[in-house]
Amino acid sequence: MLNRPSILQLTLFLSLFVAAFARPAAAVDFDKDVRPILESKCLQCHGAAMKLAKLDLSSREAMLRGGDRGPALIPGSPEKSPIYMRVAGLEKPAMPMGGKISPAEVEILKRWVTDNAPWGGVIAAKVDQKAVEAIEDMVIPKAAREYWAFQLPKKAAVPQVADPAWGKHPVDAFLAKELEARGLSHAPKADARTLVRRAYLDLTGLPPTPDQVREFVNDESPKAWATLIEKLLASPQYGERWGRHWLDVARYADSNGYEHDFDRPNAWRYRDYVISAFNKDTPYDRFLVEQIAGDEVEHPTAETRIATAFLRNHAKIGFREKDNPQFRYEYLDDMIATLGRGVLAMTVQCARCHNHKFDPIPQKDYYKLQAALFGYVEVDHPLVSDEEALKYRKQLNEVEAALIPLQDELRRIEQPYKDLLMPAKYKRFPANVQEAINTPENKRTPGQVLLANQIIRTTSVSSIEVDRIINPEDLAAKKRLQAKTKEVEKRRPKPVPVAMGITDGDYRFTPDGQGDEPAPGKSRQVADFEGSYLHEGNGTYKVPPSYFLHHGDANSRGSQMQPGFLTVATYNNPPVAVPPADGHTSGRRLALAKWLGSRDNPLPSRVMVNRIWKHHFGQGIVPTMDNFGKNGETPSHPELLDWLAVEFMDQGWSIKQMHRLLMNSEAYQQSSEFATEADVAKDAANRYLWRFRQQRLEAESVRDVVLATSGALNPQMFGKSIFPHINDEILGSMTKGIWNQTVGEDGPTEWRRSIYVYRKRGLALPFFEVFDLPDQNIACTQRNSSTVPTQALMLMNDDFILRHAGMLAQRIKAAASSKDEQLRILYEIALSRQPSAQERTLGLVFLETQPLEAFTHVLLNLNEFVYIR
């Protein structure tokens, strides 16, 4: 029989039991426990070969140094160490991205950090090259090309339809086929007055005069309508109207945008180029070539070089790109997005960081397109002969060289005084800002870096402020330097006219945001023209290398990229880059432009005819104008869209020919006021175009129609932008850039067409903004058309509207004395028709107690006045 344990034995047993469980866990072994986790979960994206967010986790020093978001490791403090907090899911985004980590592994990392993160040396890079290549190479299945947008368009036979009137024209026949299949009727033809106003507003953006209306109404020729269309297409006002549509796509503006919103003094030349191109009916494929590679064509001209501003129209931080080279990839992304949405109707920019989630667009295709554009530099093309430009450059360089020592000496004298005054400048900012500035650069947190850089960059001491504290001796020296500077400046040559644009250059971009100098002996762009087509020296231009960027991170380079296109939309033998004979550019952009204008590309012809259709009929055959992909809508009439795309190319990519084709259809000439209960029940949205869609005029056209109706419109074309009056309260909100309006009221100088109004990204003209001016920072393929109270309030109360309502009244009074005749003329001028009997009666009663100015104001507020009907 066993003896009972004594109290002493029990106490000893319990002590040993508690000690066993209270014993500290074995120390984490870095090589055994931590290294495998880092190698398998972290270093594929944050190692020596790839540093997403500039973060390298392959050494303790690199962890302490951290990346874009600061240190990854704070030894002894897991709750402050992102390497633990992210894997534990306590901070977002949780890590590893797209992978899994076990709770036991998370606990190991926590204990390791708690133990002050002992390390066993740098972890050698173990890059799975096959895995990296798999990331870069997305396989596009053959079935992807079966999607309608990626098939080359084919011209189907024009259908036979029951309605003989709608069987004569191919557009009508395709539409009638769908109407008949759905049991829909179509509207009757609109009356002559409605049609002539519709055509004028659609093609020129201006209303017809009463004489022009009568001319059409009284023309009994069967070709009267076709003749009218030809007349309007030949009108200079056509380019002003349709050029405006393209400027939306090109995200044209006269200022840079962002904080400083610097003026672009020569941007207007691109706007004028677009107007001229539409008036000349430049073939669309050539139009693309000039804008993407106008400096690379066989015989470049001033006009084609001006056209290259298309790629430079993006919103930009600072004045020149070289001032902020770290944003270069953002500008390249904007170019790709603009070409993608505006020309291809594909959201290519979504493949910057990963393969496209919905469409068969590999990330590699994005970087192939980037490689085609990568060598660009901003340029102010001189619009004079090469000889004149070189002479100007030589004289300018001599002046600049003479100024450098004077400016250096002036800076040396002023700097000590600026250093004395600057601390007082910083004291006006909040305490956290001052703390960021006073913290040594190498010890600033990421937030402090942003704060300090922003304030230091934008805060300065003026020369006048220096003069208040400078000692007499230094002041005398300063004045002598200023006098010498003034004498040197007298030798500065008169500037030659220039146009903003791009060309290829020797600019290099490195991940740390610094531009490299060109290699010795290489051809170098002439700096005075910001990379002009003029070059010094001999040799063939070599494009700086560009790379596949994992996750879109400039610090995570993959394979070096060669130029290419969207694989799924490329057929047969695509164009290849051939440098031009002068060897000054790569030919890559020209190859890209030729691919965009190729019959072997299934997208651009469809996209452009869809855009033209939308502006004529109010909605595209594909309603999502900038997205023909899986997330876009399908075409309502796919056979018609393809027929038009092929016809567009067969007719030499002529935009005017497409106008003729569409506007001569019965569908275009339908009434917009027809409706039957049956048709509304079957197709309330009018998707199948059983009646003409009414469209409200865009903001610029509303203003233009007001000017034309009042008789004040100044028809002057081209030239520098105008600055209509903005009230002082709104203008006071502008802190940067320019708005050079005249003192007092607007006059004929400001009464030019709205396409010439200065497009300031940081301050939209309020009248335009109310009527749905699009975001001026990105490509716009389709404007919103809202109906909001502020539009009615603008038309009722705006000084511009009130003034021109008064001018319209004076115009009417000068034309007729009797109230009855005044009403008739007013309706003909404002609405292109005569008043109905009821309108005449109501108008005469109104005028018995109210002035004519009040009645003209009423007409400017009618829906009919601002709609294409």
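Modeller: Accessible areas come from the Shrake-Rupley method, here with a 1.4 Å probe. The structure above is a predicted model. On that basis, the protein chain exposes about 40500 Å², of which carbon and sulfur atoms supply 54%.

Colleague: How many residues of the protein chain count as buried?

Modeller: A residue is buried when its relative accessible area is under 20%. Of the 869 residues in the protein chain, 52% count as buried. The C-alpha trace spans about 125 × 95 × 65 Å along the principal axes of the chain.

Colleague: How many helices and strands does the protein chain have?

Modeller: There are 35 helices and 10 strands in the protein chain. Among the contacts with a separation of 6 or more, 71% are accounted for by residues 24 or more positions apart.

Colleague: In which sense do β1 and β2 pair?

Modeller: Two strands pair if at least two bridges are found between them. Strand β1, residues 376–382, and β2 pair in the antiparallel sense over seven bridges. In this pairing, V379 has G501 of β2 as its bridge partner, and P382 stands opposite V498 in β2. Strand β1 is mostly covered as well, with six of its seven residues buried.

Colleague: Which residues is R269 in contact with, leaving aside its neighbours within four places in sequence?

Modeller: Contact means heavy atoms within 4.5 Å. R269, in helix α12 (residues 268–279), is in contact with I306, L383, P497, V498 and A499 once those neighbours are left aside.

Colleague: Is R86 buried or exposed?

Modeller: R86 has a relative accessible area of 15% and is therefore buried. This arginine has its place in helix α4, residues 82–87. Not counting residues up to four places away in sequence, R86 touches R69, E91, K92, P93, A94 and M95.

Colleague: What are the numbers of positive and negative side chains in the protein chain?

Modeller: The protein chain has 110 positive and 110 negative side chains. The centres of the two sets lie 3 Å apart.

Colleague: Aromatic rings remain. What does the count of aromatic pairs come to?

Modeller: Two rings pair if their centres lie within 6.5 Å, and planes over 60 degrees apart count as edge-to-face. The count comes to 34 aromatic pairs. One of them, W246 with Y284, is edge-to-face, at 6.1 Å centre to centre and with 80° between the planes. W246 lies in helix α11 (residues 236–249) and Y284 in helix α13 (residues 284–293), so the pair ties together parts that are 38 residues apart in sequence.

Colleague: Are W246 and Y284 buried or exposed?

Modeller: W246 counts as buried at 1% relative accessibility, and Y284 counts as buried at 0%.

Colleague: Which residues form one aromatic cluster with W246 and Y284?

Modeller: The cluster also holds Y252, Y270, Y273, F278, F287, F310, F648 and W653.

Definitions and conventions:
Residues are numbered from 1 along each chain as its sequence is written. This is a predicted model: local features need pLDDT of at least 70, side-chain atom pairs count only at pLDDT 80 or more; totals for chains, interfaces and linings use all residues. Side-chain values use heavy atoms; hydrogens and water are left out. Helices (H or I, at least four residues) and strands (E, at least two) are DSSP runs, numbered from the N terminus. Buried means under 20% relative accessible area, exposed over 50%, partly exposed in between (1.4 Å probe, protein chains only). Lys and Arg count as positive and Asp and Glu as negative; His and the chain ends are not counted. The place of a charge is taken as NZ of Lys, CZ of Arg, CG of Asp or CD of Glu. Rings of Phe, Tyr and Trp (its six-membered ring) pair if their centres lie within 6.5 Å; planes under 30 degrees apart count as stacked, over 60 as edge-to-face and the rest as tilted.
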